[in-house]
Amino acid sequence: MKNFPINKTNKRTNFICSAPFMIGFFLLVLLQSRAGMAQQDTLSILHITDLHVIFNQNAYIREMMDYRQKKDYHLGEARFREFLETVPQQTQSDMIVATGDLIDFFESEVEDGSMLDIQTRQFSKLIDEYELPLLLTMGNHETFTFEWNDTLEYKLLHNQFYTERARALWIRNLDCFKNGTYFSRSVQVGNTAYKLIFLDDSFYEFDPEDDTSIPYISKPQEYWLANELEESDEDIEILFMHIPFSTEVAENNSFYKILEKFPSCKLVVAGHHHKSIIKNYPQASGNNLVQVQTAALVNSTNHWRMIQLTEDNIIVSETGQLSPELVIEAK
């Protein structure tokens, strides 16, 4: 990574999601919430998603961990570390954005029937081992509670009953969430201003009678998003979130209807489906909103995309390659 050598011996060097005392040179030059980044010709963002890291696997119910191995989730930590130690330097990227399902659960049942909620803290410690600019969004697994029931056909149970407690853990342990689980960053690339907006659409376990469209963001977050989008007539907005829009989304999703009002919003970057997908959403305004998903990192360290912001274009690479798959005009 440009000018950001990996240093595994310094345990407190992660500049975006580390302890507050790491705000300094990097925060001033690279990533400020409102003042923006130092001007440059190209900003290269590595997108990854669906890491499903599980720490201290021996602490949990053995049958449950055996079940997670069927999806390769026992390899999540090793593959994430391998990615951090190789791909950022090889691609000379400026920052990494991970769009959710960073861990497999925030708490889970252990052998004695109690709950263990160490995953969020352990994830924070992991990224502190690497001197890499890293921004995150919440995924549904960041708020999952896992339970195991041998009497059922589908023995692994999950719920989002304790979502707010889970969010509190992320806010307490990850510096990029210190002001909440949704936020924005402004960057300047040549003469073009970009706003990177990071949303929390992690909650999705609604009852059918709720008739709630997914992806879902809370009403306060909707008002905040509208304010972020209308704050400037000069910038180009890119949204990062975990759960993507579906094909029918325009008909009934209040969140999507906000975006329809702002043709300056050019790109949505998401994950969740563990597949690399690109969808176009033509809008009545004439704008074409593009949604890009990347395959799950837990399944391969080659599952990443490069998103390059230039003065004139947004360039999205093919999965695991630097060759472009998509070019979006910024203006």
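How many helices and strands does the secondary structure of the protein come to? The secondary structure comes to 7 helices and 16 strands, where helices (H or I, at least four residues) and strands (E, at least two) are DSSP runs numbered from the N terminus. This is a predicted model, in which local features need pLDDT of at least 70 and side-chain atom pairs count only at pLDDT 80 or more, while totals for chains, interfaces and linings use all residues. Residues are numbered from 1 along each chain as its sequence is written, and side-chain values use heavy atoms, with hydrogens and water left out.

**Burial and contacts**

- Of the 331 residues in the protein, 54% are buried, buried meaning under 20% relative accessible area, exposed over 50% and partly exposed in between (1.4 Å probe, protein chains only).
- Among the contacts in the protein with a separation of 6 or more, 70% are accounted for by residues 24 or more positions apart, a contact meaning heavy atoms within 4.5 Å.

**Nonpolar cores**

- The largest nonpolar core has 56 residues, and those with the most contacts inside it are Phe80, Phe123, Leu267, Leu309 and Ile314; such a core is a set of buried Ala, Val, Leu, Ile, Met, Phe, Trp, Tyr and Cys residues joined through side-chain atoms within 4.5 Å.
- A second, separate core of 18 residues includes Leu199, Ile217, Phe255 and Leu259.
- When residues up to four places away in sequence are not counted, leucine 309 touches Asp41, Thr42, Leu43, Ile45, Val187, Val189, Tyr194, Leu196, Ile238 and Ile314.

**Helix packing**

- Two packed helices are described by the angle between their axes and the distance between the axes; here axes are lines fitted to C-alpha atoms, for helices over the stretch in contact, and angles run from 0 to 180 degrees between N-to-C directions.
- Helix H4 (residues 119-127) packs with helix H5 (residues 163-173) at an angle of about 25 degrees, the axes being 9 Å apart, and the two are therefore roughly parallel to each other, a description that covers angles under 35 degrees, with those over 145 roughly antiparallel, 65 to 115 roughly perpendicular and the rest oblique.
- The crossing of H4 and H5 is right-handed, as a crossing is left-handed if the near helix is turned anticlockwise from the far one by less than a right angle, and right-handed if clockwise.
- Thr120, Arg121, Phe123 and Ser124 of H4 make this contact with Leu169, Trp170 and Asn173 of H5.
- By class, the contact of H4 with H5 has 3 nonpolar, 3 polar and 1 charged residues, where Ala, Val, Leu, Ile, Met, Phe, Trp, Tyr, Cys and Pro count as nonpolar, Asp, Glu, Lys and Arg as charged, and the others, Gly among them, as polar.
- Helix H3 (residues 76-91) and H4 have axes that come within 12 Å and cross at roughly 25 degrees, and this crossing is right-handed.
- On the H3 side the contact is made by Glu77, Phe80, Arg81 and Leu84, and on the H4 side by Phe123, Leu126 and Ile127, which divide into 5 nonpolar, no polar and 2 charged residues.

**Backbone features in loops**

- Most residues other than glycine have a negative phi, and most peptide bonds are trans.
- Isoleucine 214 and proline 215 are joined by a cis peptide bond with omega of about 15 degrees, and proline 215 lies in the loop between strand E9 (192-198) and helix H6 (219-230).
- Glutamine 92, in the loop between H3 and strand E2 (95-99), has a positive phi near 55 degrees.
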